[in-house]
Amino acid sequence: MKQMRIDPRLNAHGKRTSLIGRIGSTPTLLAGTLMLAVLVLLAAFIPFISPYQPSEQNLSAFLQPPSAEHWLGTDQLGRDLFTRLIYAARTDLKIMVLAEIIPFCTGLFLGMVAGYYGKWLDTVITLITDTFIAFPFYLIVIIVAFASGAGERGIYITFILVGWIVFARVTRGLTASFRQQEWVASAQTLGLPGIRIILRHILPNVLPQAIVVLMTDMVGLLVAIVTLGYLGIGITPPTPDWGTMISDGQSFITTAWWLSAVPGFAVVYTGIALSLVGDGLADLWRKK
Amino acid sequence: MSYNIILEVEDLSLETKQHQKLVNRVSFALGKWETLGLVGESGSGKSLTLRAILGLLPRGVEKVAGTVQSDERTAMVFQDPRGALDPLCPVVKQLSEVVRFRQQVSKKAARGIALELLERLGLPDSLKTEDRYPSQLSGGQCQRVVIAIALACKPSILLCDEPTTALDVTVQKQIIETISALQKDLGFAMVFVTHNLAVAAAMCSKLCVMKNGEIVEQGETLELLQNPQDPYTQMLINSVLPVPELEGSERIWN
Amino acid sequence: MMKPSKTLSATAGNKSRGSSRWLAMVLVRALVVILCVTTAVFFLIRIVPGDPSKMILGEYSTPEALESMHHALGLDLSLGDQFLRFVKILFTQGDTGNSIISGTSTRELIADRAPVTLLLIGMASVFAIIIALLLATLAATNKDKLPDHLIRIFPTITLGMPVFWVGLLLILMFSVRLRWFPVGGVGEGWGGTLHSLALPAITVAFSQIPTLVRSLRAQMLDVLESDFVVTLKAARIPRAIIMFKHVMRNAALPTLMLFGVNLSYLIGGTLVVEQVFGIKGIGSLLFSSIAKRDFPVIQGIALYCAISVVIISLLVEIISRWLDPRTKGKS
């Protein structure tokens, strides 16, 4: 991974004001933000947009192809696919964001501590990450999600346990490289305590890269949530979720292929949006 | 003395794709047997000029104007000798490969010629029997291999891009001596890029002083050093060479 | 991804004594990770909130049944004794106990399913490497031209594609519509097996290609920009020879490292894809064991997968170092 060079003298305030101004000048960032905005707005206002409820069944109108009445058709129980799709976005996006908060913070903290203090602390944290990485990602996610019980809670527990690894690895490397640099040494000679140097000086420099990684990681997390739903150990019906929608539609793949295809496209759409935001932010911060 | 121009650079201008000027209207000519020095600080466009002569500009750099005219074969010696060799390929194999394609000989004959070349450049005999990779040779040895590769192309113009900058001071001298001796023996012309005015003065009969992509002054080495017109040249001379040595002692420059 | 070449070149120039020390370090580290993995798998059953026996037997089980389940899982022993027993069975018999449902040993169950999964992983790896190499070469040699732009967009689009969904779409396209491949299951004989595994292997490979292409392209550009390529070009060596003999070789080494790192993801993807295509491999064993709450088997699968990943990464690391002359030292 290429490291971005960030001017350590830049203050957080200056960065924030120029950020908004520069979103427009970075096309990938603009496109990604717009794509996300469309999805979030749809999810927020779906009760006013759609006349249907997500679980409203209509057995006289099942498996209908797309029409003016049902924009994306209906499923095997006659539920409106578009309505369910957007309600599912509510579920999945909410879980995606919430499930990422704790792992992001712990990973960042552990990575900085390991990279800054080195020695035995670093050895221990590296050993833990090495152990986790030995398990294939989906294997560990599936087993932990199953063990902690299907449903939202299981997903949060799973990602609190395994989600921090990525951030810890990235931050550890960055912090270790910053540690070699003069401005850290000069802060040390001033007698600042380590935790202060970490929070005041290293964190602002590690954060941009960590946020870029966060964007890509959210895509992976979303795909994992959807995969768990598909396998029946994630979100449980009747809560609408893209994964369970794909799995429900699988039985009708020969007759009504869009039932499985469309929720998948929603995942891909969100993935593209987040990737674009990530790439855009990386470009933005690299330009400085 | 007959003066045959074998390389003529005229109004050469190079830009990045974003239209940032890198080299601006550079012109000079190189005669047979002659050595021309391009001196100036880093970033002044010396190396890019050289790459333009070689016809292999780095990605993202374009020639926007001017011509490079030459019918002669060129070869190049690089600043970082280790980087100029494939790290995963034994050095003898790299050299034989060049010999094979440039001199159109069999694989076996190419190896023979390659070993001769290496011997001529004073590389140890151990290279003949064992596979040696660039990482196993010293910087000076790598540079000799790079020079051997350049010579394998049988060039009539040798382009040297700061060939000694990355080396130890003692090795620098040996490499300079080797290049000078080879030039005497084989009779190629040279364009010698350096930021070291002392080296340039020792090697070159003509000098071009470059700054910010432009030639600020050019002329015969002795004349230019003794009577610099441009303030930048004066500054270079003052900063590099002790003034007393310059006065009257013509022998140094010949 | 960490750049492996950096750590390699940092140790360059060490004498062979440094090499054997390096080997010892790497081996010890792998061993320690294997021990940690074992411990983690042992505790896996214990992160379950409540009584795993109750989870297996259901809420309304008799106390006697619970008692015998406790015994079967070894939960009636002290934690230390349980761990010792677990480690002992693992290292003497290579096992994690018998299946609660069928009574067969976990090792046998896994050995029975492993061939299909290994074949699928092998095919997926071959597909992934070939396609990634082709695309990366195409992109790197046409930098900033149309093929490069198209190939660079590719990872952005495919990053968010759930692997099972890709499998479904491929089934829809190539099995249902075009009828080129069977819809699921594994065919008879070698030909039939390869034919029926082709589509799942492509599905797994598809999930690996974006990462591989992205980093391979960057590696190739690095190599293409390096001085030695200019040396070879200046010597007018034919382009094809520069590309295949020099650039590819130099880009191959980091790719091998990256592939070792990604193997873990590839195995995970394979387990999920087996489910989509109805292939009776380790993946389907995992899901049926999960459905039946068959803890020893789940533990066994987790352990075997993790230990394979550790051993393969170790081999990749050793092979890369052995292939790289930069680590051989001066003489």
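## Two domains in chain B

In this predicted model, the centres of domain 1 and domain 2 of chain B lie 26 Å apart, taken over C-alpha atoms. Domain 1 of chain B is made of two stretches, 1-73 and 157-240. Domain 2 of chain B covers 81-154. Where the two meet, domain 1 of chain B supplies 14 residues and domain 2 of chain B supplies 13 residues.

Together these domains of chain B bury about 1100 Å². Carbon and sulfur atoms account for 68% of that area. On the domain 1 side, the residues that lose the most area to domain 2 of chain B are B:Arg73, B:Ile175 and B:Leu182. Those three give 42% of what that side buries.

## Polar links between the domains of chain B

Between domain 1 and domain 2 of chain B there is 1 salt bridge. B:Arg120 and B:Asp185 form a salt bridge, with their closest N and O atoms 3.5 Å apart. The two domains of chain B also share 3 residue pairs in polar contact, counting pairs with both residues at pLDDT 80 or more.

Which helix gives the largest share of the side of domain 1 of chain B that touches domain 2 of chain B? It is α6 of chain B, residues 169-186, with 8 residues. By class, that side of domain 1 of chain B holds 10 nonpolar, 2 polar and 2 charged residues.

## A hairpin in chain B

Strands β1 (residues 5-16) and β2 (residues 21-31) of chain B pair in the antiparallel sense. The pairing runs over 7 bridges. In one of these bridges, B:Ile5 has B:Gly31 of β2(B) as its partner.

β1(B) and β2(B) form a hairpin, with 4 residues between the strands. In the turn, B:His19 has a positive phi of about 65°.

## How the chains touch

Which pair of chains has the most contacts? Of the 2 pairs that touch, chains A and C have the most. Chain A and chain B do not touch. The nearest C-alpha atoms of chain A and chain B are 15 Å apart.

Chain C is in contact with chain B as well. Chain C is itself divided into domain 1 (4-93) and domain 2 (111-327). The centres of these two domains of chain C are 28 Å apart, taken over C-alpha atoms.

## Chain C against chain B

Here 29 residues of chain C meet 25 residues of chain B. The size of an interface is often given as the accessible area lost when the parts come together. Chain C and chain B bury about 2600 Å² between them, 58% of it on carbon and sulfur atoms. In chain C, the residues losing the most area to chain B are C:Asp227, C:Thr231 and C:Pro325. Together they make up 19% of what that side buries.

Across the interface of chain C and chain B there is 1 salt bridge. C:Lys245 forms a salt bridge with B:Glu97, and their closest N and O atoms are 3.0 Å apart. The elements giving two or more residues to the chain C side are α9 (189-225), α10 (227-234) and α11 (239-277) of chain C. α10(C) gives the most, with 7 residues. By class, the side of chain C that touches chain B has 13 nonpolar, 5 polar and 11 charged residues.

## Chain A against chain C

This contact takes 43 residues from chain A and 48 residues from chain C. The buried area between chain A and chain C is about 3900 Å². Carbon and sulfur atoms give 79% of it.

The count between chain A and chain C is 1 salt bridge. C:Arg29 and A:Asp130 form a salt bridge, with the closest N and O atoms 4.0 Å apart. Across the interface of chain A and chain C there are 4 residue pairs in polar contact, both residues at pLDDT 80 or more. Several helices of chain A give two or more residues to the side that touches chain C, among them α4 (119-134), α5 (137-147) and α9 (194-231). Which element gives the most to that side of chain A? α11(A) does, with 11 residues. By class, the side of chain A that touches chain C has 29 nonpolar, 10 polar and 4 charged residues.

Conventions
Residues numbered from 1 in each chain as written. Chains lettered and ligands numbered in written order. Predicted model: local features only at pLDDT ≥ 70, side-chain atom pairs only at ≥ 80, totals over all residues. Heavy atoms only, no water. Domains from an automatic or database assignment. Contact = heavy atoms within 4.5 Å. Buried area = accessible area lost by both parts, 1.4 Å probe. Salt bridge = Lys/Arg side-chain N within 4 Å of Asp/Glu carboxyl O. Polar contact = N/O pair within 3.5 Å; in protein donor to acceptor, adjacent residues only side chain to side chain. Nonpolar A, V, L, I, M, F, W, Y, C, P; charged D, E, K, R; others polar. Pairing = 2+ DSSP bridges.
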